Amino acid sequence: QVQLVESGGGLVQAGGFLRLSCAASGRFFSINVMGWYRQAPGKQRELVAAIRSSGNTVYADSVKGRFTISRDNAKNTVHLQMNSLKPEETAAYYCNANSTTGWGHITSWGQGTQVTVSS
């Protein structure tokens, strides 16, 4: 089992910034990929950004240049710095991790943290 706990969501005005954090705990050998997804009401969950343990990153086109994902492998944490936020980015943001455990490869999700961007 891998548990993910997110923090850092909240209410911000358009153009503002927020920093999301996610901490992983549990029994695992390694966390291969950590990432952030978001889901707005009535829409599908979508990838925002992800980062491998090597440091390689991938971003949704809509957030490139404004969001930065980073991780601390020693602390099993991942962060998402979100700048120049837009109202349409209001959503629940979920931390995701792909881990190697004694039971094989598993995918874990956090409980979600709400980000609300006011216009």
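User: Hi! What secondary structure does the chain have, helices or strands?
Analyst: Hello! This is a predicted model, and its chain has 11 strands and zero helices. Along the sequence the pattern reads β-β-β-β-β-β-β-β-β-β-β. The radius of gyration is 14 Å, close to the 14 Å from the globule rule for 119 residues, so the chain is as compact as a globular protein of that length.

User: Nice. What box do the C-alpha atoms fill?
Analyst: Taken along the principal axes, the box is roughly 45 × 25 × 20 Å.

User: And how many of the residues count as buried, as a percentage?
Analyst: Of the 119 residues, 44% count as buried. The chain exposes about 6,300 Å², with carbon and sulfur atoms supplying 50% of that area.

User: What share of the contacts comes from residues 24 or more positions apart?
Analyst: Such pairs account for 55% of the contacts with a separation of 6 or more.

User: Okay, on to the core. Which residues have the most contacts inside the largest nonpolar core?
Analyst: That core has 30 residues, and the ones with the most contacts inside it are W36, V48, I69, V78, L80, M82 and Y93. At least two core residues come from each of β1 (2-7), β3 (18-26), β4 (30-39), β5 (46-52), β7 (67-72), β8 (77-82), β9 and β11 (113-118).

User: Let's pick V48. What does V48 touch?
Analyst: Leaving out residues up to four places away in sequence, V48 touches W36, Y37, R38, V58, Y59, A60, V63, F67, L80 and Y93.

User: Where is Y59, then?
Analyst: Y59 is in strand β6, which covers residues 57-59. With residues up to four places away left out, Y59 touches V48, A49, K64, F67, T68 and I69. The C-alpha atoms of Y59 and L47 are separated by 7.7 Å, and these two residues are 12 apart along the chain.

User: Switching to cysteines: is C22 buried or exposed?
Analyst: C22 counts as buried because its relative accessibility is 2%, under the 20% cut-off. C22 lies in strand β3.

User: How are C22 and C95 placed?
Analyst: They are 73 residues apart along the chain, with their C-alpha atoms separated by 6.4 Å. C95 is also one of the contacts of C22, which beyond four places in sequence include L4, V5, E6, W36, N76, T77 and V78.

User: N76 turns up there. Where does N76 lie?
Analyst: N76 lies in the loop between β7 and β8. Its phi is near 55°, a positive value in a residue other than glycine.

User: And what is phi of S84?
Analyst: Phi of S84 is near 50°, again a positive value in a residue other than glycine. S84 lies in the loop between β8 and β9. S84 counts as partly exposed, since its relative accessibility is 37%.

User: What about T100, buried or exposed?
Analyst: T100 is buried, with a relative accessible area of 18%. T100 belongs to strand β9, residues 91-101. Leaving out residues up to four places away in sequence, T100 touches F28, F29, S30, N32 and H105.

User: Last one, charges. How many positive and negative side chains are there?
Analyst: There are 11 positive and 6 negative side chains, and the centres of the two sets lie 5 Å apart.

Terms used: Residues are numbered from 1 along each chain as its sequence is written. This is a predicted model: local features need pLDDT of at least 70, side-chain atom pairs count only at pLDDT 80 or more; totals for chains, interfaces and linings use all residues. Side-chain values use heavy atoms; hydrogens and water are left out. Helices (H or I, at least four residues) and strands (E, at least two) are DSSP runs, numbered from the N terminus. Buried means under 20% relative accessible area, exposed over 50%, partly exposed in between (1.4 Å probe, protein chains only). Contact means heavy atoms within 4.5 Å. The radius of gyration is taken over C-alpha atoms; the globule rule is 2.2 Å times the number of residues to the power 0.38. Accessible areas come from the Shrake-Rupley method with a 1.4 Å probe; for residues, only the protein chains shown count as cover. Lys and Arg count as positive and Asp and Glu as negative; His and the chain ends are not counted. The place of a charge is taken as NZ of Lys, CZ of Arg, CG of Asp or CD of Glu. A nonpolar core is a set of buried Ala, Val, Leu, Ile, Met, Phe, Trp, Tyr and Cys residues joined through side-chain atoms within 4.5 Å.
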